[in-house]
Amino acid sequence: MTTAIATRQADLLWILLFTIASTLTTLIFACATPFPALAALAAVHLDRRDGVLLMLAAWAVSQAIGFCALGYPWDAATALTGVAIGTAAIAGALVASVANRLVPLRAPVARLAIAYVLAFATFKLGILLWAPAIGHTDAALSLPILQRQFVRYAAILAGFYALYRVLIAVGVPAPDAAPRTVLA
């Protein structure tokens with residue numbers, strides 16, 4: 001097996017593992033998918049293309065669970081809200097990835113923290129920009145809810161990062177975060 005194929009397989013494995021971890025977290029804690037936490041992980045450990053793939057995978061699983069298991073209504077308003085969440089998640093991943101490439105920090109925890117703050121802010125700004133179309137964002141964007149979500153998702157990020165370190169320590173191949181693809 002060539003190194004390029006092995007590297008790509010490791011990257012895809014991490015997209016799958018991060019998606020599964022996100023799905024389990026969402027189900028266990030009965031909370032929204034932690035897109036800002038995923039975006040920070042993607043920014044530090046995956047290239048930009050794979051970060052977008054991770055957001056799409058986590059979003060698709062989240063939508064499938066919502067519509068198939070949680071009884072989301074099959075209507076245009078709910079579908080539009082899903083689109084808003086998906087685009088905000090991708091925007092968060094892209095901003096976090098760009099920032100990770102520009103900030104000259106070496107410590108992964110510091111890079112994760114910066115990527116997380118930017119991913120969270122971008123994700124919420126994305127939802128805010130969709131507000132005229134989707135409505136009902138006043139409660140989701142209230143300061144007390146934002147504070148709770150920021151802390152909850154930061155804790156989830158810490159758990160995801162601990163899981164990442166454990167899996168690397170037991171021999172799961174690390175993803176290749178080298179920027180191979182730049183999305184315009």
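In this predicted model, the buried residues of helix H4 are covered by elements that include H2, H3 and H5.

**Helix H4: span and burial**

- Helix H4 comprises 27 residues and extends 39 Å from its first C-alpha to its last, close to the 39 Å expected at 1.5 Å a residue.
- The buried residues of H4 are Thr78, Gly82, Ala84, Gly86, Ala88, Ala89, Gly92, Ala93, Ala96, Ser97, Ala99 and Asn100.
- An α-helix has 3.6 residues a turn, so residues three or four places apart point the same way.

**Helix H4 against H3**

- The crossing of H3 and H4 is right-handed.
- By class, the H3 contact with H4 consists of 13 nonpolar, six polar and two charged residues.

**Helix H4 against H2**

- The axes of H2 and H4 come within 8 Å and cross at roughly 35°, in a right-handed sense.
- On the H2 side, this contact is made by Phe35, Ala39, Ala43 and Val44.
- On the H4 side, the contributors are Ile85, Ala89, Gly92, Ala93, Ala96, Ser97, Asn100 and Arg101.
- The residues of the H2 contact with H4 divide into eight nonpolar, three polar and one charged.
- Ala89, Gly92, Ala93, Ala96, Ser97 and Asn100 of H4 take part in this contact and are buried.

**Helix H2 against H5**

- Helix H2 packs on helix H5 (residues 108-134) at an angle of about 135°, with the axes 8 Å apart.
- H2 is therefore oblique to H5, and their crossing is right-handed.
- H2 contributes Phe35, Pro36, Ala37, Ala39, Ala40, Leu41, Ala43 and Val44 to the contact.
- H5 contributes Arg111, Leu112, Ala115, Tyr116, Ala119, Phe120 and Phe123.
- The contact of H2 with H5 holds 14 nonpolar residues, no polar residues and one charged residue.

**Helix H1**

- The 27 residues of helix H1 (residues 3-29) should span 39 Å at 1.5 Å a residue, and the distance of 38 Å between its end C-alpha atoms agrees with this.
- Buried positions in H1 are Ala10, Asp11, Trp14, Ile15, Phe18, Thr19, Ala21, Ser22, Thr23, Thr25 and Thr26.
- The cover over these buried residues includes helix H2 (35-45), H3 and helix H7 (143-169).
- Leu27 lies in helix H1 and counts as partly exposed because its relative accessibility is 48%.
- Leu27 and Ser62 are separated by 35 residues in sequence, and their C-alpha atoms are 9.6 Å apart.

**Leu157 of helix H7**

- Leu157 is located in helix H7 and is buried, with a relative accessible area of 8%.
- Apart from neighbours within four places in sequence, Leu157 is in contact with Ala37, Ala40, Leu41, Leu112 and Tyr116.
- Leu157 and Asp176 are 19 residues apart in sequence and 20 Å apart in space, C-alpha to C-alpha.

Note on methods
Residues numbered from 1 in each chain as written. Predicted model: local features only at pLDDT ≥ 70, side-chain atom pairs only at ≥ 80, totals over all residues. Heavy atoms only, no water. Left-handed = near helix turned anticlockwise from the far one by under 90°. Helix = DSSP H or I, 4+ residues; strand = E, 2+ residues; numbered from the N terminus. Nonpolar A, V, L, I, M, F, W, Y, C, P; charged D, E, K, R; others polar. Expected span 1.5 Å × (residues − 1). Buried < 20%, exposed > 50% of the residue type's maximum accessible area, 1.4 Å probe, protein only. Contact = heavy atoms within 4.5 Å. Axes fitted to C-alpha atoms, helices over the stretch in contact; angles between N-to-C directions. Parallel < 35°, antiparallel > 145°, perpendicular 65-115°, else oblique.
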